[in-house]
Every structure is written in C-alpha cells, then in structure tokens.
Amino acid sequence: QKRVRTRHFQIAKDTGVRITGLTSYDQLTARIFDEAGIDFLLVGDSAGNNVLGYDTTLPVTVDELIPLTRAVAHAAKRALVVADMPFGSYEVNADEALHTAIRFMKEAGAHAVKLEGGARSAEQIRRIVQAGIPVMAHIGFTPQSEHGLGGHMIQGRGAGAEQLLRDALAVQDAGAFAVVLEMVPAASAAAVTAELSIPTIGVGAGPDVDGQLLVWTDFAGMGDGRVPKFVRQYANVRQVLLDAVTEFRGDVDSGAYPAPEHNYE
Ligand code: KIV
Ligand code: NA
C-alpha cells in the first residue's frame, strides 16, 4: 500500500474527499488504525495525559515523544505520521523550531511535524518548511497556551472568528500543508475552510472542514475521565479491558485458570 503524502491531502481538499486522523502513541494502535485506512496518525503531546500520566500537555518533552513517534512511524505502512512539537520546543525562535523538527524526522522517522499557533508561529513554520519538512499547523484552542487563553475555552467566536481566519491565512502563507482547527464553532470553521486553499482538519470544529481528527483514547472510550462534547465514542475499550481483567482475577482465584490445555508437558 502506498504511503499517504502531503500532496494527497491537497488532492483530497481539491476533490472533496474527507481526510481522517487519529492520535496514536504506540505500535499496537498504530497498526490497527493504519490497517483501517486512517490517513494520518498524530503522535500528539496529548500523550502527556494519555500515556505519561501528567495533568496537562505542558510538561511533555521532545525526549519523551521521540520513542513514541518512532514506534508509530515504524508500525504505520500507509498513514502519514505527524509528530507533535511539545511546549517549549519551538516558541523561542525559528532556529529552535527547526532543530526540534529535525530531531523528529531524523531520530523518530516522522513524516511531518505539528506545532501550535497561527500568526505567532508563522516564522517557525516557514523555516521548517524551507528545510523540506512538512508542517501541520494548529489553531483555535491550543492546549499548550491554556493558561494564556484562560482555560479550556472555545475559540473563534464573535470577534474571534476574524482572528481565527487571520491565523489560518498566516499559517497557509507560511507554507503549512494543513491546519488543525480545535474547538471552534462550526460556522467559523466552515468560513475558514472555504477561504483556505490548504485542507482544514477539525477536532471539535463541526462537519464543514476537510478532515476529522480525534484523540484515540476519547473515540474508543479508553479513558475514565469525561470526554469533550464533540467526541463520539465508537467503543468502550476501557470497559472491555476492565471486564477481562476482572474475569482473569476471578479465574485465578477459583483455579479455573490455568486449565489443562495451558500447561506444558
Ligand atoms: O496532542 C493532540 O492530541 C492534539 C490534537 C488534539 C489536535 O494536538
Ligand atoms: Na497536541
């Protein structure tokens, strides 16, 4: 199966074919999502909450994400693998951003990187793209700036809609091949999507975008916390595992496991 490339994202936008993405942090899920035909796998800094046990994405480091990215990139045969640049790894200047992007390409085998911010990150995007590394931008609600934004809040409402469009145009102009719109009103996302020539990828941005992205632990019901309003839970993997573990415990307790067929002669 042929690898999804950034040009396929553009073809999808131009022909109205929708793009799908999921986060993945390990080779097991990467292989499943790849087999199902998901177009891109994001090794998100949401690994901070979902894998590393932090309360936010802020403490996540490049060194922590590189082995996860390597596992996903190794496992995915078709999907385009996007490495998320963590907080503190690109904001200072374009040089720092390029150094980080190179690490993800070289040490982890990523196919693209993602970073947060619109106009404020344009210089960084331009520099990375000039080095031959595709960049997925990320605007709207940007979790790494949660404290600056004043919490988990919907962006792009009212006057924010104009700001959202300005940011979208800035990242397109800087050379991003796609832009994630997180937690914005459907109408604002639709307006941005109509205005841009590059594809928009929505995560809580309504239906009128060029692609949909979800955090896998949310969409599969793996977590024990609440999921955002925009998530449809397609499975309850946590419950499946909980039931299995409970059964295993009971079987060991009762002597039902191991049975004769599990024993070596
Ligand atoms: O880290 C992540 O999972 C993300 C997506 C939610 C956009 O950045
Ligand atoms: Na992220």
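Student: Which residues does UniProt list for "binding site" together with Ser46 and Lys114?
Tutor: The model is predicted, so local features need pLDDT of at least 70, side-chain atom pairs count only at pLDDT 80 or more, and totals for chains, interfaces and linings use all residues. Residues are numbered from 1 along each chain as its sequence is written, while chains are lettered from A and ligands numbered from 1 in the order in which they are written. UniProt positions follow the numbering used here, with shortened feature names, and annotations may be inferred rather than shown by experiment. Besides Ser46 and Lys114, the unreviewed entry lists Asp45 and Asp84.

Student: What is the largest C-alpha distance among these residues, which are spread over 70 residues of sequence?
Tutor: Despite that spread, the residues of this record cluster in space. Their largest C-alpha distance is 12.6 Å.

Student: Is Asp45 buried or exposed?
Tutor: Asp45 lies in the loop between strand 2 (40-43) and helix 3 (47-50); helices (H or I, at least four residues) and strands (E, at least two) are DSSP runs numbered from the N terminus. A residue is buried if 20 or more other C-beta atoms, placed from the backbone, lie within 10 Å of its own, exposed if 12 or fewer, and partly exposed in between. Asp45 has 30 C-beta neighbours inside 10 Å, and therefore counts as buried.

Student: Which residues does Ser46 touch, not counting those up to four places away in sequence?
Tutor: Ser46 is also placed in the loop between strand 2 and helix 3, and is buried because 21 other C-beta atoms lie within 10 Å. Contact requires C-beta atoms, placed from the backbone, within 7 Å. By that criterion Ser46 touches Thr23, Thr57 and Val215.

Student: With which residues is Asp84 in contact, leaving aside neighbours within four places in sequence?
Tutor: Asp84 is found in strand 3 and counts as buried, because it has 28 C-beta neighbours inside 10 Å. Its contacts are Leu42, Val43, Gly44, Asp45, Leu65 and Lys114.

Student: How many charged residues are in the shell around ligand 1?
Tutor: A residue is near a molecule if its C-beta atom, placed from the backbone, lies within 6 Å of it. Residues surrounding ligand 1 include Asp45, Ser46, Asp84, His138 and Glu182. Ala, Val, Leu, Ile, Met, Phe, Trp, Tyr, Cys and Pro count as nonpolar, Asp, Glu, Lys and Arg as charged, and the others, Gly among them, as polar. By class, the shell has five nonpolar residues, four polar and, as charged residues, three.

Student: How far apart are the end C-alpha atoms of helix 4 (residues 62-75)?
Tutor: The expected span of a helix is 1.5 Å times one less than its number of residues. For the 14 residues of helix 4 this should give 20 Å. The computed separation agrees, because the end C-alpha atoms are 20 Å apart.

Student: What covers the buried residues of helix 4?
Tutor: The buried residues of helix 4 include Val62, Leu65, Leu68 and Val72. Their cover includes helix 2 (27-35), strand 2, helix 3, strand 3 (80-84) and helix 5 (94-108).

Key
Two residues are in contact if their C-beta atoms, placed from the backbone, lie within 7 Å.
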